[in-house]
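I opened the structure to check a few loop residues. My notes follow in the order I looked.

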Amino acid sequence: MIFFVISFYQEAKPLIEHFKLQKILSSKFEIFSNNQIFLILTREGIIRSSIGTTFLLTRFSAQEKDIAINLGICGAKNRNFQKGDIILCHKIINHYTKKAFYPDIIVNHDMKEGVLESFMTPVKKDIKKEIEGDIVDMEGAGFFESASFFLPPHNIHCIKIVYDFLDYEKIKKEEISNLIYNHIPKIEKFIYSLLELNEYEKLPFEEENIKDMVEKLKDSLNLTFSMTHELEKYLKGYIIRKGNIPKEIFDFINIKANSKKERKEYFERIKKLLSP
């Protein structure tokens with residue numbers, strides 16, 4: 001099953017219409033479904049999103065192979081993104097606890113990627129220096145932390161569409177729906193890739209062996225935390241596609257990176273080896 005956690009109806013409307021969802025519950029939360037997809041409206045806020053996610057995944061008995069997606073608009077810290085860009089978040093930060101979450105993005109997609117930071121209240125330009133992320137919202141961190149109690153990290157994702165640049169412009173409901181409508185093909189393609197990935201009962205290689213390989217490469221190449229996390233995602237993706245670890249990767253275990261430049265060069269070579 002696919003679970004969508006969304007704040008407001010205007011963000012959900014394109015999905016409700018596209019997937020022909022019908023309202024099946026209207027109490028503390030509104031829930032729409034077609035028996036394969038379940039969509040909950042939580043309203044804004046980290047806590048509301050967390051509670052709504054827990055309610056949804058508990059109510060409909062989420063299993064490890066199910067997929068949970070938080071979809072909605074966001075604000076961008078700078079002009080590296082454009083209005084209407086669709087962003088798949090590879091890191092989600094709770095602004096207050098500083099806790100960070102890392103989805104495993106091990107399928108191909110045609111969205112941009114960025115770091116999402118979640119706040120309790122709307123974010124304005126005057127606190128720009130306090131923002132660690134590329135984009136900001138009021139739900140992602142609460143959603144991800146709750147969903148991670150039910151699902152593995154490759155089945156939990158935040159997808160955001162840039163609406164403004166923290167200039168607090170008046171939100172136009174129709175415009176929100178149109179921005180999301182435009183990206184339904186990309187969202188749907190991403191979901192199908194995840195469903196295909198989940199046809200595997202488990203990785204055709206023991207999880208402990210993967211972690212051991214990652215640890216050895218981290219030590220030999222002196223990889224940073226973010227590099228190590230990225231390496232594990234690339235390695236899992238390769239194993240799922242090919243069924244084993246490439247022999248060439250063992251060559252890197254006995255290499256010592258003596259500088260940041262060497263480390264980066266070796267890391268890029270590994271990524272190229274493991275890429276689709």
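I count a residue as buried when its relative accessible area is under 20%, and as exposed when that area is over 50%; partly exposed lies in between. The model is predicted, and I read it with that in mind.

**Entry: D85.** I found D85 in the loop between β5 and β6 (86-94). Next I looked up which side chain the side chain of D85 makes a polar contact with. The partner is K112, at 2.8 Å. I then listed the contacts of D85, leaving aside its neighbours within four places in sequence.

**Entry: L166.** I turned to backbone angles. L166 is not a glycine, yet its phi is positive, near 65°. I placed L166 in the loop between β10 (156-164) and α4 (173-181). Is L166 buried or exposed? Its relative accessibility is 4%, so I log L166 as buried.

**Entry: S61.** S61 also went on my list for its phi, a positive value of about 50° in a residue that is not a glycine. Where is S61? I traced S61 to the loop between α2 (46-59) and β5 (67-76). I then checked the accessibility of S61. The relative accessible area is 46%, so S61 goes down as partly exposed.

Conventions: Residues are numbered from 1 along each chain as its sequence is written. This is a predicted model: local features need pLDDT of at least 70, side-chain atom pairs count only at pLDDT 80 or more; totals for chains, interfaces and linings use all residues. Side-chain values use heavy atoms; hydrogens and water are left out. Helices (H or I, at least four residues) and strands (E, at least two) are DSSP runs, numbered from the N terminus. Buried means under 20% relative accessible area, exposed over 50%, partly exposed in between (1.4 Å probe, protein chains only). A polar contact is a pair of N or O atoms within 3.5 Å; within protein, one must be able to donate a hydrogen and the other to accept it, and residues adjacent in sequence count only if both atoms are side-chain atoms. Contact means heavy atoms within 4.5 Å.
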